[in-house]
Amino acid sequence: MHKKIKIFIVLFFIFIFCFFFQTTFAKYVIENTQTVAKLAIDQSKPILELLDIVSSNVDYPTYANQTHLITGHIKITEKDLIRNDLSSDTLKVAVGNRYAISEKDYITPEFKSFFLFSENAFEKIYEFSFTHTTGNGSLILTVPEGIVEDKMRFG
């Protein structure tokens with residue numbers, strides 16, 4: 001029985017030594033780092049806003065007709081544009097008092113200018129001016145869908 005106790009004690013110390021004193025005696029240590037994913041998520045659409053619009057009619061600044069010049073600024077806010085076809089040809093102008101605009105409400109004004117007024121990394125501001133506004137009612141500017149597109153990134 002004495003021999004069994006000695007074997008038990010030796011095995012017990014070997015067990016303790018193996019699990020509690022884990023020290024690596026190696027000359028080289030190898031590290032392995034892997035990049036699993038890089039995420040850059042952009043789920044917001046470009047923001048287009050009309051900054052201002054002014055009529056050359058100083059007596060009635062909200063009234064437009066065929067002789068007055070309408071001037072305004074449109075701002076696009078987006079940093080990753082892949083398509084920007086905003087121009088005098090793609091900007092639609094309508095006159096009417098309804099929310100639902102039909103094709104017959106669109107007019108063809110004479111654009112005097114349409115150019116990039118200022119830009120930085122996140123926004124572009126365009127200045128436009130047109131005349132020959134026909135019809136009665138509210139002036140409505142429409143940018144059709146797909147004229148300005150951004151890079152939608154999901155990973």
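Begin by selecting E49, K75 and E123, which are linked in a network of salt bridges. The model on screen is a predicted one.

Colour the strands next: K75 belongs to strand β3 (residues 70–77) and E49 to strand β2 (residues 47–55), so the pair ties together parts that are 26 residues apart in sequence.

Now select R83 and E149. These two residues form a salt bridge, and their closest N and O atoms lie 3.2 Å apart. Because R83 is in strand β4 (residues 81–84) and E149 in strand β10 (residues 148–150), this contact ties together parts that are 66 residues apart in sequence. R83 is partly exposed, with a relative accessible area of 36%; E149 also counts as partly exposed, at 32% relative accessibility.

Proceed to E119 and K124, another salt-bridged pair, with a separation of 2.6 Å between the closest N and O atoms. E119 is partly exposed, its relative accessible area being 48%. A search of the whole structure finds six salt bridges, among them the pair E119 and K124.

Finally, leave the charged pairs and select I5, F8, I9, F12 and F13, which make a nonpolar surface patch of about 530 Å². To place F13, display helix α1 (residues 2–20), in which this residue is found. F13 counts as exposed because its relative accessibility, 54%, is over 50%.

Note on methods
Residues are numbered from 1 along each chain as its sequence is written. This is a predicted model: local features need pLDDT of at least 70, side-chain atom pairs count only at pLDDT 80 or more; totals for chains, interfaces and linings use all residues. Side-chain values use heavy atoms; hydrogens and water are left out. Patches are made of residues with over 30% relative accessible area and no salt bridge: like charges are joined within 9 Å, nonpolar side chains (Val, Leu, Ile, Met, Phe, Trp, Tyr) within 5 Å. Accessible areas come from the Shrake-Rupley method with a 1.4 Å probe; for residues, only the protein chains shown count as cover. A salt bridge is a side-chain nitrogen of Lys or Arg within 4 Å of a carboxyl oxygen of Asp or Glu. Helices (H or I, at least four residues) and strands (E, at least two) are DSSP runs, numbered from the N terminus. Buried means under 20% relative accessible area, exposed over 50%, partly exposed in between (1.4 Å probe, protein chains only).
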